[in-house]
Amino acid sequence: MDTILVTGGTGYIGSHTVVELIEEGFPVVIADNLSNSDLAVLDGIEKITGVRPAFEEIDICDAGKLARLFDTGREIGAIIHFAAFKAVGESVEKPLMYYRNNMVSLMNLLEEMKAGKSANLVFSSSCTVYGQPDTLPVTESAPFKKAASPYGKTKQMSEEIIADVIFANPSLNAISLRYFNPIGAHPSGLIGEVPAGMPDNLVPFITQTAIGLRGELKVFGDDYNTPDGSCIRDYLHVADLAKAHVAAVRRLLDRQNREAMEAFNLGTGKGVSVLEMIKTFEKVNKIKINYSITGRRPGDIEQVWADTSLANRELGWSARSSLEETLESAWKWEKYYRNHNK
Ligand code: NAD
Ligand code: WQD
């Protein structure tokens, strides 16, 4: 089987994808500079799969080291490129750091692909490319609105750069996966999300409040034009999301897409409000969340959820886990992680 290079493979979504790839029999090489992850993730992957994936500690922005990684004689069937900075607020404060990391890493990989080191790329994109869409659910053909942050702009620009490079080099292929809101953890509870410092995202904030690490969850606004007034998102289980990457890799290896870069929405197709998330978490995990309503968070969009019919049809993929299972897995991971990192 072809080896898959997974950049950012010790990170949140990367580690879950590595598990799925190994379980499907793919040899995996992870390349990560550990800027937002820990080597202990490899232990979790090994416990789940029985296989310890090859690991290279490198910065993908270092073109020389990246070239040497490709020159070790391994045949790389496809690259899945997760490595990037992802904190929206931080990207507003440190735009250059975000543009440099997210754009230079991508361009270095594309240079290697152009030099014949691998023909196939799966790129981690985001629903953030759409901004607040005019119609819901949002389809892949919806226009990119002006991005609200430098982070969002890196995803828009990345997709445009990849599309141009694929167009100019017919032997290269790429799939961009636009994730909606990935949450939860592997059902084993052995790997999951580890936010650096104060979490930006809702679910880590909920689990950290439940475990007593945070005193109170602030709900950012209940005066939106939604049924209960809180914002609506499309939250999908990270293990389901991971499976979509295997489907995308297979599609590329089977040369099912021959011409342009393809983009697929990955979500559940269902919108859930912040208040519904809290209520469901409390119900399935039998624990109360201390929360209060505060003002809106600047830059938040009101509501978004995915039309996933293209991914259903072309990748043969759909998000299968219920919200209940997903929020149960998030809580299981939080408890495991805190028990082992006291
Ligand atoms: P993460 O921070 O957990 O994982 C990213 C990994 O990349 C980390 O292990 C980090 O150490 C590594 N990394 C960063 N820059 C690197 C570099 N220059 N060289 C080598 N390694 C580097 O993030 P995640 O949540 O797993 O996200 C993965 C990808 O998915 C990112 O591209 C992110 O923008 C995208 N994405 C994430 C979400 C989300 O909500 N988590 C949503 C949409 C898209
Ligand atoms: C979800 C909802 C908040 C925290 C971000 C990025 C996006 C993508 C996914 C990468 C919103 C509310 C949150 C809290 C709250 N990432 N909330 N209190 O904003 O949809 O998207 O992650 O590509 O680019 O912007 O996710 O988890 O931050 O927020 O009320 O303490 O929870 O207002 O409605 P978001 P989120």
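The largest nonpolar core of this predicted model holds 37 residues. A nonpolar core is a set of buried Ala, Val, Leu, Ile, Met, Phe, Trp, Tyr and Cys residues joined through side-chain atoms within 4.5 Å. Buried means under 20% relative accessible area, exposed over 50%, and partly exposed in between (1.4 Å probe, protein chains only). Ile 4, Leu 21, Ile 45, Leu 177, Leu 266 and Leu 315 touch the most other members. Helix α8 (residues 238-253) gives the most to this core, with eight residues. Helices (H or I, at least four residues) and strands (E, at least two) are DSSP runs, numbered from the N terminus. Contact means heavy atoms within 4.5 Å. Beyond its neighbours within four places in sequence, Ile 4 is in contact with Leu 21, Phe 26, Pro 27, Val 28, Val 29, Ala 78, Ile 80 and Val 249. Another core lies apart, with 23 residues. Among them are Leu 5, Val 29, Phe 70 and Leu 109.

Residues are numbered from 1 along each chain as its sequence is written, while chains are lettered from A and ligands numbered from 1 in the order in which they are written. Local features need pLDDT of at least 70, side-chain atom pairs count only at pLDDT 80 or more, and totals for chains, interfaces and linings use all residues; side-chain values use heavy atoms, with hydrogens and water left out.

Cavities and pockets were located on a 1 Å grid over the protein atoms alone. A cavity is a set of points where a 1.4 Å probe fits but cannot get out. A pocket is an open set with protein on both sides within 12 Å along at least five of seven lines. Lining residues have an atom within 4 Å of a point. Grid points are joined across faces, edges and corners, and a volume is the space filled by probe spheres set on the points.

Two cavities of 30 Å³ or more were found. The largest cavity has a volume of about 140 Å³. Its lining comprises 16 residues, of which Glu 193, Pro 204, Thr 207, Trp 333 and Glu 334 lie nearest its centre. Helices α7 (202-210) and α11 each supply at least two lining residues. The largest share, five residues, comes from α11. By class, the lining has 10 nonpolar, three polar and three charged residues. Ala, Val, Leu, Ile, Met, Phe, Trp, Tyr, Cys and Pro count as nonpolar, Asp, Glu, Lys and Arg as charged, and the others, Gly among them, as polar.

The second largest cavity has a volume of about 30 Å³. Leu 5, Val 29, Leu 69, Phe 70, Thr 72, Arg 74 and Ile 76 line it. Leu 5, Val 29 and Phe 70 also belong to the 23-residue core.

Strand β10 (235-237) and α11 (323-340) each give two or more residues. The most, three, come from β10.

Val 272 is found in strand β12 (residues 272-273). Val 272 is buried, at 12% relative accessibility. Among its contacts outside four places in sequence are Cys 231, Tyr 235, Met 277 and Leu 323.

No disulfides (cysteine sulfur pairs within 2.5 Å) occur in the whole structure. For Cys 231, the nearest cysteine sulfur, that of Cys 127, is 12 Å away. Cys 231 is buried, with a relative accessible area of 5%. Cys 61 is partly exposed, at 22%.
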